[in-house]
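Here are my notes for a colleague who is new to this structure. Please read them with the model open.

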Amino acid sequence: MRAQFTFLTGARAGQTDIVGQPVIIIGRHPDCEVRFDADRDLDVSARHASLTLEGDRYVLRDLDSTNGTYVQGRPVRDPVPLPAKEVIRFGPSGPKVEFTAISSARTDSLGAAEPASGTAVFGSQSRPETPSPPAPPRSGKPAAAPRPTASHSDTAARVRIEVERQTRGLRRTTVVLFALLLLLAATYFWQAQTAARRIEADRRALLSQVDSLVGQIGSLS
């Protein structure tokens, strides 16, 4: 399955990107799979949002962006499973993109046909078979084992998403602890002021009693 992004507004309006990776980062950073114009689409953060293929659906997440991600006019605060077609807005007045999930059957037809003008295709595509090159002559050394072709970009994207989630939770915990600290400080200050007022009242009462006793002694003499 692939994801198609048609830019409805913004600097890239009218253009289309088709991405085949299971994790898609959207933003203005050059490493993003879906990139906005870095100089003109300023409502979009460097790494604004992500789409992750989970089962047969893409799930949209906001990556703690400055202006937020919106679907159907509502801000995305938790992961949102997307239908086959949806409009995503980056910021309350930022550019809009129409997301379309392309099934495997449509993916095969897109791979066989030439992409339309203004359409950029990323990820794996079906290619015509080419004849295998002739085998090199054998030597005394054993053939090297093929290297694994793991997708480093997908792994890095997942790591970024996980780090940003943990950072967001740490920020919330820090805010709660700071609020509790302020509450404790205010309670201590109030108790200290109350105790000081009581001591002052007791001191004044004692001085009043002393003055009264002195007056009585003076009258007796």
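1. Start with strand E3. Both of its faces are covered: Val23, Ile25 and Gly27 on one side, and Ile24 and Ile26 on the other, are all buried. Buried here means under 20% relative accessible area, exposed means over 50%, and partly exposed lies in between (1.4 Å probe, protein chains only). Five of the five residues of E3 are buried, so the strand is largely enclosed by the rest of the structure.

2. A word on the source. This is a predicted model: local features need pLDDT of at least 70, side-chain atom pairs count only at pLDDT 80 or more, and totals for chains, interfaces and linings use all residues. Residues are numbered from 1 along each chain as its sequence is written, and side-chain values use heavy atoms, with hydrogens and water left out.

3. pLDDT is the predictor's confidence in each residue, from 0 to 100. The mean pLDDT of the protein is 81, and 75% of its residues reach 70 or more. Treat residues 124-130 with care: pLDDT stays under 50 there, and the model has six contacts beyond four places in sequence for them. A contact means heavy atoms within 4.5 Å.

4. Now the overall layout. The protein has two helices and twelve strands. Helices (H or I, at least four residues) and strands (E, at least two) are DSSP runs, numbered from the N terminus. Along the sequence the pattern is β-β-β-β-β-β-β-β-β-β-β-α-β-α. Of the 221 residues, 26% are buried.

5. Which strands make up the open sheet of five? The order is E4-E3-E5-E6-E9, with mixed pairing. Its edge strands are E4 (34-35) and E9 (80-81), each pairing on one side only. Two strands pair if DSSP finds at least two bridges between them.

6. Look at the neighbours of E3. Strand E3 (residues 23-27) runs antiparallel to E5 (residues 49-54), and four bridges join them. Ile24 stands opposite Leu51, and Val23 stands opposite Thr52. With E4, the pairing of E3 is parallel, over two bridges. There, Ile26 has Val34 as its bridge partner.

7. Next, charged pairs. Side chains of opposite charge can pair when their charged atoms come close. The structure holds six salt bridges. A salt bridge is a side-chain nitrogen of Lys or Arg within 4 Å of a carboxyl oxygen of Asp or Glu. One of them joins Arg12 and Asp17 (2.9 Å, N to O). Arg12 is buried at 16% relative accessible area, and Asp17 is buried at 1%.

8. Another salt bridge joins Arg47 and Asp31, with the closest N and O atoms 3.8 Å apart. Arg47 lies in the loop between E4 and E5 and Asp31 in the loop between E3 and E4, so the pair ties together parts that are 16 residues apart in sequence. Arg47 is partly exposed at 23%. Asp31 is also partly exposed, at 48%.

9. Helix H2 has its own pair. Glu200 and Arg203 form a salt bridge, with the closest N and O atoms 2.6 Å apart. The two are three residues apart in H2, so about one helical turn separates them. Glu200, Arg203 and Arg204 are linked in a network of salt bridges.

10. Last, Leu180. This residue sits in helix H2 (residues 152-220). Leu180 is partly exposed, with a relative accessible area of 44%.
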